[in-house]
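Here is a short report for a reader who is new to this structure.

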Amino acid sequence: GKHVLVEKPIDISLERAEKLIKACKDNNVKLSVISQHRYDKAVIWLKKGIDSGLFGNLILGRASVKWNRTKNYYESGFGWRRKEEISGGGVLILQAIHYVDLLLWLFGDVKSVYGKIDTRVHNMEVEDVGAGVIKFKSGAIAVLEGTTGVIKNLPNELEVHGEKASVILNDNGEKCWIKVCNMNNFGYYEKLKNKFIFKLGKISAQINDFINSIIENKEPFISGEDGKKALEVILGIYKSSKLNKEVKL
């Protein structure tokens with residue numbers, strides 16, 4: 001009888017994710033998965049531009065998550081992040097899944113994935129480097145890059161390229177700015193590229209939305225199904241890397 005707000009990922013298997021979604025539906029409670037970057041003002045601005053047709057048909061996307069995570073990070077909490085059976089995977093499912101969620105929100109449903117993962121820096125069962133090619137049902141393609149093996153955190157990047165416009169967003173974990181904006185119809189944003197700074201969305205914004213969804217008896221902005229879709233992409237990349245072939249979703 002309790003409403004459920006779960007940290008990403010929704011779970012580490014699609015079967016368990018589906019059971020959670022069904023249990024919440026059967027018991028008439030709300031379910032949402034933490035994906036606070038959908039509340040980033042720059043991402044909302046970008047989404048509005050896409051939905052209003054300013055980009056035309058989307059062609060290409062890219063999400064890059066390149067962080068430094070130490071040995072202590074992976075060994076803390078009884079070392080659960082190092083163990084595939086508990087964590088489900090490494091950098092892609094624990095860190096890059098935030099940006100997979102954004103790609104899905106911006107580009108739509110996925111047709112297939114192809115990817116490679118490896119463990120290059122840390123001594124553990126799960127990957128610390130991975131890359132994937134995501135094919136969307138719309139025909140657009142996106143590239144996903146993730147690692148926790150770089151010597152120092154690099155800014156996350158999110159790229160969206162359409163037939164009429166291109167935008168690259170860059171965030172350092174605190175603020176997000178427009179790195180590139182090639183667009184005819186965004187007025188002063190074009191002049192402010194590399195200068196216009198947006199605050200990143202906070203988990204508190206998602207928690208407030210979740211509370212309101214309970215009070216107003218409506219669906220949360222981010223649903224359990226959204227969490228499941230992001231998980232499916234990550235698990236598809238893992239499967240693709242193991243089988244060395246494209247995996248349809």
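## Pockets and helix packing

In the second largest pocket, α1 gives the largest share of the lining, three residues. The model described here is predicted. Two elements give two or more residues to this lining: α1 (14–26) and α8 (224–243). The pocket has a volume of about 260 Å³. Its lining consists of I21, C24, K25, N28, V29, K30, L31, N217, E219, S223, G224 and E225. By class, these are four nonpolar, four polar and four charged residues.

Now the largest pocket. Its volume is about 400 Å³. It is lined by 22 residues. Q36, H37, W67, N156 and G173 lie nearest the centre of this pocket. Which helix gives the largest share of the lining of the largest pocket? Helix α5 (residues 91–107) does, with four residues. The lining divides into nine nonpolar, nine polar and four charged residues.

**Helix pairs**

Two packed helices are described by the angle between their axes and the distance between the axes.

| Helix pair | Angle | Axis distance |
|---|---|---|
| α5 and α8 | about 120° | 9 Å |
| α1 and α8 | roughly 175° | within 10 Å |
| α2 and α5 | roughly 25° | within 10 Å |

Take α5 and α8 first. They pack at an angle of about 120°. So α5 is oblique to α8. The crossing of α5 past α8 is right-handed. On the α5 side, the contact is made by L92, I93, I97, V100, D101 and L104. On the α8 side, the partners are D226, K229, A230, L231, V233, I234, I237 and Y238. The contact of α5 with α8 holds eleven nonpolar residues, no polar ones and three charged ones.

Next come α1 and α8. Their axes cross at roughly 175°. Therefore α1 is roughly antiparallel to α8. From α1, the residues in contact are L14, A17, E18 and I21. They meet G224, E225, K228, L231, E232 and L235 in α8. This contact has five nonpolar residues, one polar and four charged. Some residues of the contact also line the second largest pocket. I21 of α1 is in the contact and in that lining. G224 and E225 of α8 are in the contact and in the lining as well. L231 of α8 meets α1, and L231 also takes part in the contact with α5.

The last pair is α2 and α5. Helix α2 covers residues 41–51. How are α2 and α5 set to each other, parallel or antiparallel? They are roughly parallel, because the axes cross at roughly 25°. V43, I44, L46, K47 and I50 come from α2. L102, W105 and L106 come from α5. The residues of this contact divide into seven nonpolar, no polar and one charged.

**Two backbone details**

Most residues other than glycine have a negative phi, and most peptide bonds are trans. Two sites depart from that pattern.

Where is P9 placed? P9 sits in the loop between β1 (4–6) and α1. The peptide bond from K8 to P9 is cis. Its omega is near -5°.

The other site is N28. This residue lies in the loop between α1 and β2 (31–33). Phi of N28 has a positive value, near 55°, and N28 is a residue other than glycine. N28 is also one of the residues that line the second largest pocket.

How values were computed:
Residues numbered from 1 in each chain as written. Predicted model: local features only at pLDDT ≥ 70, side-chain atom pairs only at ≥ 80, totals over all residues. Heavy atoms only, no water. 1 Å grid on protein atoms, 1.4 Å probe; cavity = no way out; pocket = protein on both sides within 12 Å on 5 of 7 lines; lining within 4 Å. Points joined across faces, edges and corners; volume = space filled by probe spheres on them. Nonpolar A, V, L, I, M, F, W, Y, C, P; charged D, E, K, R; others polar. Axes fitted to C-alpha atoms, helices over the stretch in contact; angles between N-to-C directions. Parallel < 35°, antiparallel > 145°, perpendicular 65-115°, else oblique. Left-handed = near helix turned anticlockwise from the far one by under 90°. Contact = heavy atoms within 4.5 Å.
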